[in-house]
Amino acid sequence: LMHFLQSRCVTYATGGSLNFDLRQLEQQLRREMSRPEITMELRGFQWLGENFGQSDLKQVIPQKDLPEDVMKRIRSELKLPSLANACLQRVQMASSFIQKSGSSTGENAGNTLFQEYLEQVLQEAPTSIPSQVARAEVRLWHLTAFERLLKQVVNQDPMDGVDPAYKTELPEDIAQQLEAVRKELPHQLTEVLASFAEYQLRSTYIGRDSNMIDTLRAIEDICDDVAAMNAVEEHLPAGILMQHWAATYQLLKGKPAAAAKAAAERAASGKDITCRPFPMTLWWTKRSATLARFPSSPSSGATASSRCPRRASCQRTGSSCTGRTSRVRIASRS
């Protein structure tokens, strides 16, 4: 506006005075103010290291499972989590590019080698995938299965990025019900819980007090399988809500969150230390050497009749305790 004022609305009169054309300036201001506001919107794309929700890859390219022998060979080459993580980043970036571009070269697009796609489309190096088997066997219709395999190698917990609203512990009675019917639920339920949580539960746009079964009915990966969905509706306890999503996943995976948390707290406080009876045969075998190296004396505190300093703690926790001292521990090191 200042540039327009200086170039179009100012004239120099005699004597060096300035004349301003305020009517023309007002007209220009009206034109500028009547224009619609420009809203900047960047097209979503997932680069390396970025995480956000994404649509289903199979909507663009139908997905297939990796053969079992190929999965075993890939695991043998990608034993280190660092290598698997580097490969996982390429898979996620390629999947995001395919989804956001929505491009497919026809019915045989999925038959394209993943390494070939990285080189020709994403301009990656020929050795960007640190697995010779993966470079030769993984194709675009294997990306979902390949990503799942890599996450297992990396050992990443899919619940790490879930919003705390979905991490409430299960009530004890509902947890017991779920534990009782765990074998009756379909095996792919844990994979569905993990995948949906990783991409959709990073924000709280789903009500935490809504029933989990209602959300499961809208997930194609399980609702398309009639037998699996019927098993879920029949056996999943009715009291499980969205806020119990992470706890349900942990229990179905065989790692109840409450038990893991309690074990961590006991380890941090030192209350999980228990004194166990030392095998008498080994104690008598080492007895001579122990007495020769560490003679008994009332002041040494290493005699068999002394009391264990952790005895009181063991009695509080209900653990078995011999009430003996460190001579047993000394004997085990001799």
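Visitor: What share of the contacts in the protein with a separation of 6 or more comes from residues 24 or more positions apart?
Guide: The share is 75%. Contact here means heavy atoms within 4.5 Å. The model is predicted, with local features needing pLDDT of at least 70 and side-chain atom pairs pLDDT 80 or more, while totals for chains, interfaces and linings use all residues. Numbering starts from 1 along each chain as its sequence is written, and side-chain values use heavy atoms, leaving out hydrogens and water.

Visitor: How many helices and strands are there in the protein?
Guide: There are 17 helices and 2 strands.

Visitor: What makes Q188 count as buried?
Guide: Its relative accessibility is 15%. Buried means under 20% relative accessible area, exposed means over 50%, and partly exposed lies in between, using a 1.4 Å probe and protein chains only. Q188 therefore counts as buried. Q188 sits in helix α9, residues 188-200. Beyond four places in sequence, Q188 contacts D225 and A228. Across the protein, 36% of the 334 residues are buried.

Visitor: Why is P126 called exposed?
Guide: P126 has a relative accessible area of 53%, so it passes the exposed cut-off. P126 lies in the loop between α5 (114-120) and α6. Residues up to four places away aside, P126 touches Q115, E119 and R135. Q115 is 11 residues from P126 in sequence, and their C-alpha atoms are 7.3 Å apart.

Visitor: Why are α3 and α7 called oblique?
Guide: Their axes cross at roughly 40 degrees and come within 11 Å. Axes are lines fitted to C-alpha atoms, for helices over the stretch in contact, with angles from 0 to 180 degrees between N-to-C directions. Under 35 degrees is roughly parallel, over 145 roughly antiparallel, 65 to 115 roughly perpendicular, and the rest oblique. So α3 and α7 are oblique to each other.

Visitor: Which residues meet where α3 and α7 touch?
Guide: M71, I74 and R75 of α3 meet F146, L149 and Q152 of α7.

Visitor: What makes α8 oblique to α13?
Guide: Helix α8 (172-180) and helix α13 (245-252) pack at about 40 degrees, with axes 10 Å apart. That angle makes α8 oblique to α13. Their crossing is right-handed. A175, L178 and E179 of α8 meet T248, L251 and L252 of α13.

Visitor: How do you know that α13 is largely enclosed by the rest of the structure?
Guide: 8 of the 8 residues of α13 are buried, so the helix is largely enclosed. They are W245, A246, A247, T248, Y249, Q250, L251 and L252. After α13 comes G254, with a positive phi near 90 degrees.

Definitions and conventions
Helix = DSSP H or I, 4+ residues; strand = E, 2+ residues; numbered from the N terminus. Left-handed = near helix turned anticlockwise from the far one by under 90°.
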